[in-house]
Amino acid sequence: VDNETLFFENEITTYEDAKDVITRKHLLEVQFCCQYPKRGNVTLGFTVHRDNKTIVEKGFGMFTYNFEFFPNNLYDTMVNPSSYPLQYEVGDKIYMQIEASSSVNNTELFVESCSASPYDNPSYQPTYSIIENGCTVDPTVVIFPKSHNKEFRFSIDAFKFIGLHDQVYISCSVLQCEIGNPNTRSSKGCVAPNHQNHRRRRAIETGVHFISQGPLRLRSTPESESRVTGLNLNMAFIAGCLLAAVGMICGVVMIHKFKKVAVQYQPLPTTE
């Protein structure tokens, strides 16, 4: 190591049999060295806030899906798109809203599934299910009252994927259905996977569309870190007390032994 560079040196030696102790053949020895600068520039790329998704479908015309995050459950002002990626601490409440806008009035929004992934790719593994088949899967999901039929509001407690993943994307499958029609997917609500075999009749519902938003950056809470620090201090204090107690016991034993050794009895002469 010098002031500017890190050096790594090694040597490659070839041999025919790892069990051999000696050899009478010429071996190939290759010495090599790698060096890396101690200072450099690094960059980090990420996908920014996703724009609204506009779709044109027969029978429903043009409609748009909007997926946004909100700071609280009042849902009055969405999080500014320029602040992405959003920062959350593990355990924080994440408030989300999916909204559809369409010129067709007698339709309602249905969210069929939602999941989380470290990358903006629903096929990437691992993924974590939040809603499946219209049913809430994550126990922290809270669904809030909607102001109209083309809106879906919900929240979830922030979490972090185990491993070297510090970001999360939320992805949902959505569709629009005709209001009041008992044959639509929306009218069935939460169903088991084997009960989803229904045919689309006329233009009573749209196809399933995929929307996503993120990224969210997750970090540990200072409270949890301070709790761990306090725990470590307590453990150190307890360990110190135990060591002191052991030291005192050992000291008492040594003093007792010393006293026993210091007092010695010798036999008197027979003449006395």
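The S-S bond of Cys135 and Cys190 has a torsion of about 100°, so this disulfide is right-handed. Cys135 belongs to strand 9 (residues 135–136), whereas Cys190 sits in the loop between helix 1 (185–188) and strand 13 (209–219), so the bond ties together parts 55 residues apart in sequence. In this predicted model, the structure holds two disulfides.

**Cys135 and Cys190**
- The sulfur atoms of Cys135 and Cys190 are joined at an S to S distance of 1.7 Å.
- Cys135 has a relative accessibility of 18% and counts as buried, because buried means under 20% relative accessible area.

**Cys114 and Cys172**
- A disulfide also links Cys114 with Cys172, with an S to S distance of 2.0 Å.
- Cys114 is located in strand 7 (residues 107–117) and Cys172 in strand 12 (residues 167–178), so this pair connects parts that are 58 residues apart in sequence.
- The torsion about the S-S bond of Cys114 and Cys172 is about 110°, so this disulfide is right-handed.
- Cys114 is buried at 1% relative accessibility, and Cys172 is likewise buried, with a relative accessible area of 1%.

**Pattern and other cysteines**
- Counting bonded cysteines along the chain, the disulfides of the protein chain follow the pattern 1-3, 2-4.
- Cys33 takes part in no disulfide; its nearest cysteine sulfur belongs to Cys34 and is 6.5 Å away, whereas a disulfide requires sulfur atoms within 2.5 Å.
- Cys33 is partly exposed, with a relative accessible area of 44%.
- Cys177 is buried, at a relative accessible area of 0%.

Terms used:
Residues numbered from 1 in each chain as written. Predicted model: local features only at pLDDT ≥ 70, side-chain atom pairs only at ≥ 80, totals over all residues. Heavy atoms only, no water. Helix = DSSP H or I, 4+ residues; strand = E, 2+ residues; numbered from the N terminus. Buried < 20%, exposed > 50% of the residue type's maximum accessible area, 1.4 Å probe, protein only.
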